[in-house]
Structures are given as structure tokens and as C-alpha cells.
Amino acid sequence: MTGTVLVRGARLPQPDGSLSGPVDLHVVRGRVAAITRAGDAGPDTAATGTAVLDAHGRLALPGFVDAHTHAEAAVFRPDVQLALLRQGITTLVAGQDGVSFAPSDRATYDWASTYFAAIDGDHPVFAGGSVGDLLATYHRTVPVNVAYLAPHGTLRYRVLGAAQRPATDAEIAELVALLEQALDDGACGFSTGLEYVPAAYADERELVALARVAAARGLPHVSHMRGYEDRGVEGLAELLRIARASGVATHVSHLHGPARELLEQIEAARAADHDLTYDSYPYLRGCSILSMVSLPTWLPLADAAATVAALRDPALAGRLAEHFAGLTDLWPRITFASVPGLEWAEGLTLPDVAARLGRSAPDTVVEILTTTALRASCVFAQPPTNSPESVRTLAGHDAHLAGSDSIYWGGQPHPRGWGAFARFLDEHVRRGSWTWWDAAQHLSARAARRFRLAGRGELAPGAVADLVLVDPGTVRDEATYERPRTPAVGIEDVLVGGVPVLAGGELTGATPGRGLRPAVV
């Protein structure tokens, strides 16, 4: 199916919560040219011919925007493309948590792809360069669009290496210049990962200086905070101080924790005219690299070889034991996701692996980290403050947008990369907390506005034809922790830029995706 497309007999969600009668969407040159009552004449397309896609009463929604994903390398894989499109995701926002591939020289790229090996993987064709160079790798090579945040940790490593200290004035000036160039090259904001290194060593002075750069361009600061759950209020308070000092808009990554306290803080900030949004995913378990979850930041974590040496150093054994003693409640909550060289451990809990090795939980963690050179990842249950009620409450707020935090590497990854967006629809629309109009706002429109993705996030004449047909009676996620790579159901036809990329639930092989830049305002 190529050229001009007629999407026939669809229904559109309305702001009042109702659904329209059957309509036809006329797609010409990648955009919605007109929306008419079903059967009425649309634009003259006789010169090019018109391909017809019968909606059969399914809902037409704007393509979903994943506001937090780690698919910048995985998106080239067909299985990942299918996972995305079967959820209706047509645009990714990558460069998250302050660590990714650009802007970088070769040494910085090697560091980022090593440190986040179990999260971001290794890009198949990019080995260092500018943000513009990275965005170009997605142009007409993949079926979805990719927007990108300039990652603070990558910038910091390029200037300071693995240094465990605040930046000097001269180094801050270098960081500012690098961020200015990254935003000029097409980044849609900048991200910080304040529980990861080297960003964990940055002080507010450094962060404010960078936030001012984004504020001057009307772009957001997107942050994995210094803490969540019982530390979430404190972590958010730091971001708000940075915002007040710089004027930057704030977007919190994968917000989770005690909803009442967090929403009180969010409401107060918004009442004071602070531009604040956040994303979340509908699960009670997280996923990250094992080193961040289990090791103290006084170790040289930005240098894998030095950290491995430190873990084997008898002189540090006592200090490490003291740190590990504070994590006894964490150990039973860990399940291994990616353990290169010890793949048998993937899908097993830490206590199970420890029992097989005949070691304590802390000694097992050290063994896995040293054996994999810190490249291991894990799925972990959040503490009780992240309750089902809290997750639902945070997802109901009008500052919320959807992000999967998808990670596609390892033998037993988190299922959120295959099911998060379908699960949002199943849990919130079916149970009545969202209308279908609300769903389009949470899953598409708000992210398109937050990252200035012009023409996306709505279906209206002139909009880019990123379009998803949803069967409201069958849409649901099928991925589980035991079988995470199971695609969602209920979305079988998707257009990106007016080109069918999913038809009958299968990839078409078309690659109309683009590296997206924020609109100039």
C-alpha cells in the first residue's frame, strides 16, 4: 500500500468522551488532508491513485509517543519494531537518564555503550559524532520516528572523564558549549540521570548552568532524580530548585512513589506557574543495571575496570560489607535480566542464584558484577510505597504522559517494552478512569507538545499521518515477567508519515521513520 491512503470507516475520540460516527481520513503526501463523514468525497487523488485501509469501526488515534525509552540502538531490530508498533508507538524519545551515544568522540561512545550496555546496547552503525549524526541514522532506515535528548552524563564524561567531583568553572563552560551545540543539532531537551555516574557527582551549580541553556531554547530538563519512593519528594525538590534558578521546564522520568505526597508537591509547583510534567509506566517492578541498584557511588563506577578492581580489593571489603548490610531488604526483590557469560542466571532471583553458587547475596552480586565487567542488569520489585493505587493515581493526573522505560537487551528483560502502552489502555480505558480522548492525551498529545514534535499528537487536517487503528474490545498487553517478549494485541494497522508500517499485525518492511527535531518557536 503506497501513495495516497484512504482510511475508511474509523471512529474518532471526542473531547467530551464520546466517539464520532464513522469517518474517512484522507491521507495525502504523509499528512491528513481531510476528515469527512464515511463515504463523502475527499481531496482529488485520481492522479496518484488511492489505497484503501478499512478500519471497520476501529478507533483512529494519533501515533503514540513513548516519552521514555532505551531503544536508540534496539530500534533497528525487527522484533523490537514489532513490539513497538503492536502497542501503537510511532515515535520514541531516546537519550534518557543522562547516558547515550551522542554527542561523543570515540572514547566517550565506548564508555557510554559499555556503562549502559545492558540498557542501551550498542548502536549498529553509529560509533561517535554529533546529535545530528545520530539522528541521521534513523532517517528512512526504521519504521518509527526517533527524537533525542542530549544526555548530561555523556557530556560530562567527555569533559571530565570519570572524575568523582563537581565541575570547575572552566569545565562547566565546556559543558555549556557542548549542550548548546547538541540542542542546535536537533536534541529536544537534555536529560540527567542523577542516580547514575558521572551525573551523581554533579552539584546544583553545574546543573543550573546547563538548565539555563535548555530554558533559553524553550526545551525541557528531563531527569531521573537522585531518588524515588521514600526519597522521591527530596529528589523532586532538587529539580524544582534547579528550575527556579534557571527558568527551565521540568519533566520527571518514570515517576513512582507515594502518590499523595508527590502530587501535593507537583500541584504546588504548577500553581506557582512552573512547567512540570512527568512520565510513568504501569508496573510495580523496575529495571536497571545491577551496579546502580547495588553499589555505592564512592566506588569509581564510571570506570568499569577500576570498579572491578575495587570489588576484588581486600582492603575495601569491610567498607563494602557495611554498604551491603543496608540492602538486605533489596536482595529478595532482584531478578536477573541480563548476565553476559552467565546466561543461566537470567530469569532467576538473586537468592536462587546465590543458592546455586553457594554464596551469600552480597558475594553473588560481586561475583556477577566482576564476571560481567558491570554489564549485568536486573528487574526489581519496588518497595511498598509504589502500590497499585499509587501507580494508578499518578497515571490519572493531567501532568502525566506515558513512557515505557523499555529495555530490549538480555535473556529475561522487563515486559514493559512489549506491553506498557497496551496495558495503559487496558487498565485505564476499560476500567473507566480514562476516556479514549484522555488516552490520546496521555499516550500521544502531551508528549508531542512537551518535546515540540510539530504535527504529531493529533489527528486533524494538516497533521502528520502517524495513525493507529485500535480495536477497543481486544487491545491488551500479553507480555509477562515469565514471557516478556510477547507482543500486545488489539492494534494491527499503523501508519507512520502516511505509510503503512504494520498491516494485519505484521511488519510491512517499510521504513519511513525519521530523526525528529523540535519545532522552532
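Which residues in H4 meet Glu171, Glu174, Leu175, Leu178 and Leu179 in H5? They are Leu155, Arg156, Arg158, Val159 and Leu160, where a meeting, or contact, means heavy atoms within 4.5 Å.

The structure is predicted, with local features needing pLDDT of at least 70 and side-chain atom pairs counting only at pLDDT 80 or more, while totals for chains, interfaces and linings use all residues. Residues are numbered from 1 along each chain as its sequence is written, and side-chain values use heavy atoms, leaving out hydrogens and water.

The protein chain has 16 helices and 21 strands; these are DSSP runs numbered from the N terminus, with helices (H or I) of at least four residues and strands (E) of at least two. For 521 residues, a compact globule would have a radius of gyration near 24 Å, and the 23 Å of the protein chain agrees with this. That radius is taken over C-alpha atoms, and the globule rule is 2.2 Å times the number of residues to the power 0.38. The C-alpha trace spans about 80 × 50 × 45 Å along its principal axes. Buried residues make up 60% of the 521 (buried means under 20% relative accessible area, exposed over 50%, partly exposed in between, with a 1.4 Å probe and protein chains only). Among contacts with a separation of 6 or more, 74% involve residues 24 or more positions apart.

Back to the helices. H4 (residues 152-160) and H5 (residues 169-184) pack at an angle of about 135°, with axes 10 Å apart. Axes are lines fitted to C-alpha atoms, for helices over the stretch in contact, and angles run from 0 to 180 degrees between N-to-C directions. H4 and H5 are therefore oblique to each other, since angles under 35 degrees count as roughly parallel, over 145 as roughly antiparallel, 65 to 115 as roughly perpendicular and the rest as oblique.

H4 also has H2 (residues 106-115) as a partner. The angle between H2 and H4 is about 130°, and their axes lie 10 Å apart, which makes H2 oblique to H4. Ala107, Thr108, Trp111 and Ala112 in H2 meet Gly153, Thr154, Tyr157 and Arg158 in H4. Buried residues of H2 include Trp111 and Tyr115, and the buried set packs against H4, strand E14 (285-289) and helix H9 (290-294).

Helix H7 (residues 232-246) packs with helix H8 (residues 259-271) at about 15°, with axes 9 Å apart.

Some backbone details deserve a look too. Most residues other than glycine have a negative phi, and most peptide bonds are trans. The bond from alanine 102 to proline 103, however, is cis, with omega near 0°, and proline 103 lies in the loop between strand E7 (89-94) and H2. Arginine 29 has a positive phi of about 50° and is exposed, at 79% relative accessibility. Leucine 374 has a positive phi of about 75°, but leucine 374 is buried, with a relative accessible area of 6%.
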